[in-house]
Number of protein chains: 2
Amino acid sequence: MTTFADVTAVTAMAPAEFKADISPRWTIVGHPNGGYLLAMIGRAVTELSAHPHVLAASAHFLRSPEPGPARIEVEALRAGRSTSQLRGRLLVDEKPCVEATFTLGTLAPNSGPAWQGGLPDPAMTDPAAAIRLPPVTPGGQPAAMMAEADVRLDPDSYQGFAGTPSGRGEIRGWLALPDGVAFDPISLLYAVDAFPPATFDIATTGWVPTLELTAYVRALPAPGPLRVVSKARLIDSPWVDQACDVWDSTGRLVVQATQLAGVRLP
Amino acid sequence: MTTFADVTAVTAMAPAEFKADISPRWTIVGHPNGGYLLAMIGRAVTELSAHPHVLAASAHFLRSPEPGPARIEVEALRAGRSTSQLRGRLLVDEKPCVEATFTLGTLAPNSGPAWQGGLPDPAMTDPAAAIRLPPVTPGGQPAAMMAEADVRLDPDSYQGFAGTPSGRGEIRGWLALPDGVAFDPISLLYAVDAFPPATFDIATTGWVPTLELTAYVRALPAPGPLRVVSKARLIDSPWVDQACDVWDSTGRLVVQATQLAGVRLP
């Protein structure tokens, strides 16, 4: 068994430097998943932080690295009473691949949200009706990550993914880690980038490379699968922004994200 | 006349270092506006970039500086064919105050968005009916920035701002720079943080300090005032996320942002 903690493990080499190993199994068409790389950097910065939980992470993706050995440099920027900020950089072959900045703090248990009025309706369908994605893209290329993460799409979203887009630009479904291991603030950074591009529900295209991804972790997740809603907002060629909202098994919103990505419509 | 370009001016001191001057006039209750500081850093990184336009900017706010002299350090991370990435840090008294990462590229004129399906309805009302914010907060404290930027709220949003919140958590209105100077990708970074917190339409509170702000510049803006819609999404104490979408005078979406901020409801 190889857990998500195993494939995102980091080992200190110096006071602010870690080594890591990018797994070939957490890739789509050979590209390591961006959320997976962000989780790896998040693990490194958390080790050097006075606060335990990532609250906000923003990453710019410079190059898509090959799987294999990586180095993570961390710079602590500030350690305050309630929050700390740190910067992390993932390098492969000494080339920077991901530059990410983090604000960490403490997610204390509380009685739930004080107000919500701007979230999509998670519209919980039966997870048993959802369809698990195979480790192959609609275009027939390898999607090794889907043999690791358990990504299940609602039946209508699956139709969009599989080549009959609804035009709504929205993909909904469920996410679990290998062996059903519970999520934590590190693996939630992966959760917001685990789904196929929401643009697949508009048009089937090639790779939709992420330029920037920002995630806000809002609460400690309860054990169990996550409910994910990913939605395209605007395609102004050649870029699209997508919003992703994620709820835990109790129906609480636990992480949300936006990303800007490249897309070439047919 | 002091233009926005004047108050965000940066002067090269070394190959990757600039000096700047934080204006006391672009403050709310003495705090320099976060979008104003981000625009200043954006100007510095653009000077060192092979590409002319900020596409994505993500900033973490470490400390709220006093107005006065500041230093901006820039690190070029990558210069590619279609995009470049740079990192900028604003320091006051040698303490880092804002850490921001940028992806730059070229916003080419095109025929408009290829698809939009996830944006709020900008619901353009008559700008002549909008009410200009005075340079004072609802709590009676100084809001010097409102004597510089021309922020006009739709009448119903003004009611929320002025102490009769609708509970919708949404603030809509119009924005212009001093002397009506046209916006550009640098000043658009200010535009996404120019409005009062959308949470004022839920409850009147004190300062809502931004932890993180991410902006995506989507198109070159036409001259004229901008239409701004800022919406709270979820308050899970003590943090709130807000989304901001901004259209130019032709009705084209030109910049959008999310931010995570601290809020203490009464």
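**Exercise 1. Find what share of the chain A contacts between residues at least 6 apart in sequence join residues at least 24 apart.**

Start with the term: a contact means heavy atoms within 4.5 Å. Next, take the contacts in chain A between residues at least 6 apart in sequence. Of these, 67% join residues at least 24 apart.

The model is predicted: local features need pLDDT of at least 70, side-chain atom pairs count only at pLDDT 80 or more, and totals for chains, interfaces and linings use all residues. Residues are numbered from 1 along each chain as its sequence is written, and chains are lettered from A in the order in which they are written.

**Exercise 2. Describe the build of chain A and say why it counts as compact.**

Count the elements. Chain A has 4 helices and 16 strands (DSSP runs: H or I of at least four residues for helices, E of at least two for strands). Last, the burial: 62% of the 266 residues are buried, meaning under 20% relative accessible area with a 1.4 Å probe, protein chains only.

**Exercise 3. Size up the interface between chain B and chain A.**

Count residues: 60 of chain B are in contact with 60 of chain A. Then take the area. About 4,800 Å² is buried between the chains, 56% of it from carbon and sulfur atoms. Buried area is the accessible area (1.4 Å probe) that two parts lose on being put together, summed over both. Finally, name the residues. In chain B, Trp115(B), Arg218(B) and Arg233(B) lose the most area to chain A, together 17% of what that side buries.

Terms used
Side-chain values use heavy atoms; hydrogens and water are left out. The radius of gyration is taken over C-alpha atoms; the globule rule is 2.2 Å times the number of residues to the power 0.38. Buried means under 20% relative accessible area, exposed over 50%, partly exposed in between (1.4 Å probe, protein chains only).
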